[in-house]
Amino acid sequence: MVHYFSGMNENVLVSAGKDGSGKFITNGKDYGAADWKKDSESKVNLVYSVDDAVNKVGYGKFQLRLTFLAGLGWLADAFEIFILSVIGDFMACDWPLVRWQIALLTSIVFAGIMVGSPVLGAVADVYGRKRALAVSSVLLFLFGAVSAASPTFVWMVIFRTCMGFSLGGIAQGVTLNSEYCPTDIRGKSGFFICYFWSFGSLGVVLLMWLVMEFIGSWRILLLFVSVPCLIVVLSLKWYPESARYYLVSDQRDRAVKILNTLAKTNGQELPPGELTKVDLDIKRGRLQDLLGKEYRRTSLLFWYIWFATAFGYFGIALLSPHIIQKGNLLSDHTNGTFIQGLTDPVPCATFTTKDYLDMLWTSAAEFPGLLVFTFLIEHVRRKLLLSLACIASSFSIVLLLIDTQHILQPYGQ
């Protein structure tokens, strides 16, 4: 007679004999040839978790394909985010806009993300990662493309808000990638996807340069920016569904099937035994579970870390055209106070070849850091690496406050 312990611990099986004695079999071990023979000869039924299967099969073609697919979503995300840094200035050539309207157009996208992320995250837990990603990518393409035909500024704000909501689900591709990556390469695999983000930031600058130089239409530019989202939609059929989702949603046969596909694609075999069973009575997709006693501290820490990271990274990224044109982050205070400056008219954008080249260089500056951290992630403790990255980023941001033009002027620079 076999009893399964369910809940958070999927890795324990109890095999009880007639005398009521029990034997615990724990998963997660690295099966070698001797273990396989010993386990196959044992009368005790064995079970394995999804993590056991992924770690046993290892990293291979299945994960490489999934990393590429998830990277496409991240690239599309970068296109839609980085275009925010300049699209308002281009729109000012056709519409009379003031500073606060440009700020609203940028902020409203992130407000949409703030709503879309928990909503589409709950959809992913209840209906599957792949479905949430499908909804997100389809809506992202539709609202991104339709915003190019906005008749007024108000409609542009509405469409970009909906686009921001849609962006909240793109990260499900990264979630899928993490779930199918063995623990010994999971950190490095996350950086592989970051390269797609950096390529996206480079791509949108090149696209902006070409379209505005030869066509001169911000509407056409927005239409081209939505193309990567369309590519994500077309690639959805190659995405696997989460084995974990199948397991907790009473679709255990499908979970076994996708794990067999994983093993076959990588030319490996699954661990001996059968896939574990879990408690199906636990409700999924509830935000309050993240604030329960077990996860409260971790959730709050992660939320703050992501807030601080996004605040610094996107703040600098979206200000990069301003920094490139002025040379620093300081305000010249020529138009009165900050509040008064919000009502100043926005001039029509005029980017030179040098400006575009400078934006390309600043976007490409991510690659050396990515290469270094891709190597260090498997050799340095994660918390130490995160701390060092935050300290270095803070120091770099402070350097942007230095007015280098006035400092170098006495030296003839």
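This is a predicted model: local features need pLDDT of at least 70, side-chain atom pairs count only at pLDDT 80 or more; totals for chains, interfaces and linings use all residues.
## A helix tucked inside

In helix α2 (residues 50–57), the residues Val 50, Asp 52, Ala 53, Val 54, Lys 56 and Val 57 are buried, where buried means under 20% relative accessible area, exposed over 50% and partly exposed in between (1.4 Å probe, protein chains only). Six of the eight residues of α2 are buried, so the rest of the structure largely encloses this helix.

Residues are numbered from 1 along each chain as its sequence is written, and side-chain values use heavy atoms, leaving out hydrogens and water. Helices (H or I, at least four residues) and strands (E, at least two) are DSSP runs, numbered from the N terminus.

## Its partner, α13

Helix α2 packs with helix α13 (residues 252–265) at an angle of about 10 degrees, and their axes are 10 Å apart. The two are therefore roughly parallel to each other, a label for angles under 35 degrees, with over 145 counting as roughly antiparallel, 65 to 115 as roughly perpendicular and the rest as oblique. On the α2 side, Val 50, Ala 53, Val 54 and Val 57 make the contact, and on the α13 side Leu 259, Leu 262 and Ala 263 do; contact means heavy atoms within 4.5 Å.

Asp 250 has a positive phi of about 60 degrees although it is not a glycine. At 59% relative accessibility, Asp 250 counts as exposed.

Helix α9 (residues 186–214) has 29 residues and reaches 43 Å from its first C-alpha to its last, close to the 42 Å expected (1.5 Å times one less than its number of residues). Gly 216, which follows α9, has a positive phi near 70 degrees.

Which parts of the chain does the pair of Trp 197 and Tyr 313 link? Trp 197 is in helix α9 and Tyr 313 in helix α15 (residues 296–326), 116 residues apart. Their ring centres are 6.5 Å apart and their planes at 55 degrees, so the pair is tilted. Rings of Phe, Tyr and Trp (its six-membered ring) pair if their centres lie within 6.5 Å; planes under 30 degrees apart count as stacked, over 60 as edge-to-face and the rest as tilted. Trp 197 is buried at 8% relative accessibility, whereas Tyr 313 is partly exposed at 31%.

Note on methods
Axes are lines fitted to C-alpha atoms, for helices over the stretch in contact, and angles run from 0 to 180 degrees between N-to-C directions.
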